[in-house]
Amino acid sequence: MGAEYQLRRPSPFGTTTHHTDTMMRRILGLSALLLAAAAPLQAQAFAYPSFQPTRVAEREYNFAVADLDGNGTGLVFQWREGLGNPKLQFTLDVGFVDFDGPVDGLLMLGGALNYQLARSTADMPFDLVFTGGLGFSTSDNFSVIRIPVGVAAGHRFALDGNFAITPFVHPRLSIDRVSIDTPGGDVSDTETNIDFDIGANFEINPRMALRLSALLGDSDAIGLSFAFTPRGLRNR
C-alpha cells in the first residue's frame, strides 16, 4: 500500500500558502490511504476460525484452510499439547494468508492457553473450555497484534461405531492493534472486536476428526480442518 504525492508549482500567494497546501495534501493523502485500507483490514487483522475443540487433548495436530470472506485464503497449522494438568493445554498457531488484490502475503504466529472449565454431565450438558491467546501477524507494510479471550462450548453426540459429532460455539472478545507503514510514518489503531465461531467436530475415529467452522462478527471467514491425534494419546 502506498500514496503518491505530486509537487505543485509555487503558489502566487507566497510560501505560507504553499506550505499549507502541502500539509493539506499530506493529510488528505493519509486519510485516503486509511480509508482504502479500512475495508480489507478487518480480514487482515487476522481473524479466522479458531477450530477450538470443546475438550482439551494430550496432543493434537490440526491442518486447516480458511476462506476470508472472499478477500483471500489462509493456511493454518495448529499444535495442541497438554501441560501435565489434565485440564490445561497449550496451543501454537502458525500460518500464511494469500490475499486477493495488491496486499502482500501475511505471516502469522499465535499461542494460547486453554483450560477445561467443565465436562458434560446429566445436570450440565455442555463441555466448556476457556481460551486466552496472543497472536501476531505481519506483512511488508502492516502488522497486527491480537489478544482474544473467550469460551468454547459444545456437546458430544456418540454415533454408530467410532463416529461422533460435536456441535460447538466459540465466542470471544479480541483486542486488535493494527499498525500501517505509510509514506508519512506509522499509523496505528486499537479496537475491541467480538468474534463468534459456530461449527461442528466430526470424529472419524479416536485419532482423526474433521472440523467445519464459520467465523461471524467484524470479520467473516469459513474453514475446514483435519485434526490428528497420535496413537496412544486421546482427547481427555
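**Close-up 1. F51 in the loop between α1 and β1.** F51 sits in the loop between α1 (15-44) and β1 (59-67). Helices (H or I, at least four residues) and strands (E, at least two) are DSSP runs, numbered from the N terminus. F51 is not a glycine, yet its phi is positive, about 55°. F51 is buried, with a relative accessible area of 0%. Buried means under 20% relative accessible area, exposed over 50%, partly exposed in between (1.4 Å probe, protein chains only). The model is predicted: local features need pLDDT of at least 70, side-chain atom pairs count only at pLDDT 80 or more, and totals for chains, interfaces and linings use all residues. Residues are numbered from 1 along each chain as its sequence is written, and side-chain values use heavy atoms, with hydrogens and water left out.

Close-up 2. β5 (residues 127-138) pairs with β6 (residues 142-154) in the antiparallel sense, over ten bridges. Pairing requires at least two DSSP bridges between two strands. Three residues form the hairpin that joins β5 to β6. T138 stands opposite S143 in β6. β6 also pairs with β8 (residues 164-182), again in the antiparallel sense, over eleven bridges.

**Close-up 3. The R146 and D176 pair.** R146 has D176 in β8 as its bridge partner. Their side chains also meet in a salt bridge (3.2 Å, N to O). D176 lies in strand β8 and R146 in strand β6, so the pair ties together parts that are 30 residues apart in sequence. Both D176 and R146 are buried. A salt bridge here is a side-chain nitrogen of Lys or Arg within 4 Å of a carboxyl oxygen of Asp or Glu. By this rule the count is nine salt bridges.

**Close-up 4. The R59 and E81 pair.** The side chains of R59 and E81 form a salt bridge at 2.7 Å, N to O. This pair links distant parts of the chain: R59 is in strand β1 and E81 in strand β2 (residues 72-83), 22 residues apart. R59 is partly exposed, at 28% relative accessible area. E81 counts as buried, at 16%.

**Close-up 5. A network around D127.** R55, R119 and D127 are linked in a network of salt bridges. R119 and D127 meet at 3.6 Å, N to O. R119 is partly exposed at 35% relative accessibility. D127 is buried at 0%.

**Close-up 6. V187 and F142.** V187 lies in strand β9 (residues 185-205). V187 is partly exposed, with a relative accessible area of 22%. V187 and F142 are 45 residues apart in sequence and 9.3 Å apart in space, C-alpha to C-alpha.
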